[in-house]
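Q: Please take a close look at a single part of the structure shown below. Then set that part in the context of the whole chain.

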Amino acid sequence: MTDTKTKIAAGLERAFAARGFAEPSVEDLRDAAGVSLRTLYKYTPSRADMVVAALEHRHGRYLSHLFEGLPEAQEAALDVLFERVGAWMATETSHGCLFHGAVAADPSSEGLLELLVRHKAEVAHRAAAATGLDGREIDLLMILEGLTQTWSLHRDTAVLSAKRLGHGLRMSGTA
């Protein structure tokens, strides 16, 4: 991604995360991206393209946050993974998943649904590989999704619960 495209995507991500997908005007999005309207439209020709650029940027940041530098010990990686989700929720999005928010704002968009599915599948696949729970991707995704949905209500207790569920999953063997 070029520096300009990254700058635009980062600004759009911040704007949509802060104000939702319906509220920001094109001028607000231009200001958040820190570029001219012409440059914004050059890289993201439509509002739908702006949403996709923001979500793609978010996807990369989320994967880096969760998986870079995880402990090699799979049981420790499981705990750190849940702690990192909690930290993400505390600093990035205490009110839920931006991908789900995008689909809720435009439920007829097949492209957004495909992006949501791809994002969740990659998170689940990488989580399973990092924690030695290959074949349990859906189980892990259920725990991760539960954590993101309950974090705003229970914060650290939600992280502890996710850890308990993850260790229970590890002890239960294969599906």
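A: Apart from neighbours within four places in sequence, Leu140 is in contact with Leu78, Phe82, Ala127, Ala128, Thr131, Leu133 and Leu169, where contact means heavy atoms within 4.5 Å. The model is predicted, and local features need pLDDT of at least 70, side-chain atom pairs count only at pLDDT 80 or more, and totals for chains, interfaces and linings use all residues. Residues are numbered from 1 along each chain as its sequence is written, and side-chain values use heavy atoms, with hydrogens and water left out.

Leu140 belongs to helix α8. Helices here are DSSP runs of H or I with at least four residues, strands are runs of E with at least two, and both are numbered from the N terminus. The relative accessible area of Leu140 is 0%, and the residue is therefore buried; the term buried stands for under 20% relative accessible area, exposed for over 50%, and partly exposed for values in between, with a 1.4 Å probe and protein chains only.

Arg155 is placed in the loop between α8 (137–154) and α9 (156–171). Although Arg155 is not a glycine, its phi is positive, at about 45 degrees. Arg155 counts as partly exposed because its relative accessibility is 43%.

The C-alpha atoms of Leu169 and Arg30 are separated by 45 Å, and the two residues are 139 residues apart along the chain. Arg30 is part of helix α2 (residues 26–33) and is partly exposed, with a relative accessible area of 24%. When its neighbours within four places in sequence are set aside, Arg30 is in contact with Val35, Ser36, Leu37 and Leu40.

Residues up to four places away in sequence being left out, His57 touches Thr6, Ala9, Ala10 and Glu13. Gly60 is placed in helix α4 as well; at 33% relative accessibility, Gly60 counts as partly exposed. Gly60 and His119 are 59 residues apart in sequence, while the distance between their C-alpha atoms is 9.5 Å.

Which aromatic pairs does the structure hold? The search of the whole structure finds 2 aromatic pairs. The rings of Phe16 and Phe21 have centres 4.9 Å apart and planes at 25 degrees, so this pair is stacked. Tyr62 lies in helix α4 and Trp88 in helix α5 (residues 74–91), so the pair ties together parts that are 26 residues apart in sequence. Tyr62 is buried, with a relative accessible area of 10%, and Trp88 counts as buried at 4% relative accessibility.

The chain as a whole provides the setting for these details. Its secondary structure comes to 9 helices and 0 strands. Of the 175 residues, buried ones make up 42%. Among contacts with a separation of 6 or more, 63% come from residues 24 or more positions apart. A compact globule of 175 residues would have a radius of gyration near 16 Å, and the chain agrees with this at 17 Å; the radius is taken over C-alpha atoms, and the globule rule is 2.2 Å times the number of residues to the power 0.38. Along the principal axes, the C-alpha atoms fill a box of roughly 55 × 30 × 30 Å.

The accessible surface comes to about 9,100 Å², and 56% of it belongs to carbon and sulfur atoms; the area is computed by the Shrake-Rupley method with a 1.4 Å probe. The 19 positive and 23 negative charges have mean positions 4 Å apart. Lys and Arg count as positive and Asp and Glu as negative, whereas His and the chain ends are not counted; the place of a charge is NZ of Lys, CZ of Arg, CG of Asp or CD of Glu.

Key. Phe/Tyr/Trp six-rings, centres within 6.5 Å; stacked < 30°, edge-to-face > 60°.
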